[in-house]
Amino acid sequence: MLKTFGSFVLFLRGMVTRTERFRVLWNRTIDEAILIGVDSIVIVSIVSAFIGAVTCVQIAYNLTNPLIPQSTIGYMVREMTILELAPTITSIVLAGKVGSSIAGGLGTMRITEQISALEVMGINSTSYLVLPRILAALLMFPLLVILAMLLSILGGYLAGTLTGVMTAQDYIEGIRTDFIPYNIVFALIKAVVFAFLVSGISAFKGYFTTGGALEVGAASTGAVTNSIIAILIADFALAAILL
């Protein structure tokens with residue numbers, strides 16, 4: 001494990017020691033941001049909306065005490081969404097979609113010797129291929145988490161009002177009760193950390209792939225598995241430190 005961690009640190013150091021020109025890096029980052037962020041909007045929207053809807057219905061099912069106001073449902077949906085569901089679930093979904101794509105793409109380039117060709121031409125392959133992916137993830141993950149927050153709360157609103165478990169006025173009152181702005185900052189910090197973990201681990205697994213097509217698939221699977229484990233560990237660590 002220590003050897004793998006050391007290799008990962010050296011991998012990141014090599015990525016930033018001899019970078020490409022700013023214009024090249026900017027164009028590559030924008031291209032990767034489109035692949036990572038724009039192409040993930042649909043899946044993130046669907047998952048977050050239904051998670052908010054299910055959360056609202058299940059909380060309403062358990063709150064049977066008449067002494068507890070119905071606005072508590074909206075309050076709990078908001079808190080669960082901002083603090084945990086939006087950043088963590090969105091990042092896990094993106095670990096499956098984006099992480100496997102990064103690992104598979106770099107692994108394919110490695111076994112077809114495209115990375116070796118870049119190095120022969122004097123190009124820092126980690127800076128050209130990996131750094132734009134990490135920067136794009138750091139940029140797009142927080143934006144997708146913000147979108148997930150909005151759609152999850154909206155999904156809870158629609159589920160609560162359409163199923164008749166609560167009124168729209170009670171839900172809106174709940175999501176406006178005792179709001180703490182720092183929770184948004186905390187969620188965005190989590191998004192940035194998760195973005196680095198997913199993109200960095202996936203790039204590392206793909207970049208050092210050896211063998212053939214079977215090993216590329218194994219690298220993609222390992223990237224997703226390791227990314228999810230890292231997200232869960234970082235989730236606990238950040239909650240313990242920052243809250």
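Is Arg28 buried or exposed? Select Arg28 to begin. Arg28 is buried, because its relative accessible area is 14% (buried means under 20%, exposed over 50%, and partly exposed in between, with a 1.4 Å probe and protein chains only).

Before going on, note that this is a predicted model, in which local features need pLDDT of at least 70 and side-chain atom pairs count only at pLDDT 80 or more, while totals for chains, interfaces and linings use all residues. Residues are numbered from 1 along each chain as its sequence is written, and side-chain values use heavy atoms, with hydrogens and water left out.

**Around Arg28**

Show helix α2, residues 22–36, where Arg28 sits (helices are DSSP runs of H or I with at least four residues, strands are runs of E with at least two, and both are numbered from the N terminus).

**The largest cavity**

Select Val47, Ser48, Ile51, Leu85, Ala86, Ile89, Thr90, Ala148 and Ser152, which line the largest cavity. On a 1 Å grid over the protein atoms alone, a cavity is a set of points where a 1.4 Å probe fits but cannot get out; a pocket is an open set with protein on both sides within 12 Å along at least five of seven lines; lining residues have an atom within 4 Å of a point. The elements giving two or more residues to this cavity lining are α3 (41–62), α4 (71–111) and α6 (125–162). Helix α4 gives the largest share, 4 residues.

**The largest pocket**

Move to the largest pocket, with about 510 Å³ of space (a volume is the space filled by probe spheres set on grid points, which are joined across faces, edges and corners). Its lining has 14 residues, and Thr4, Phe5, Phe8, Ile201 and Asn226 are the closest to its centre. Colour α1 (2–17), α8 (182–207) and α9 (213–242), the elements that give two or more residues to the pocket lining.

Finish with residues 134–159, which are 100% helix and 0% strand, with end C-alpha atoms 36 Å apart. Then select residues 216–242: this span is also 100% helix and 0% strand, and its end C-alpha atoms lie 37 Å apart.
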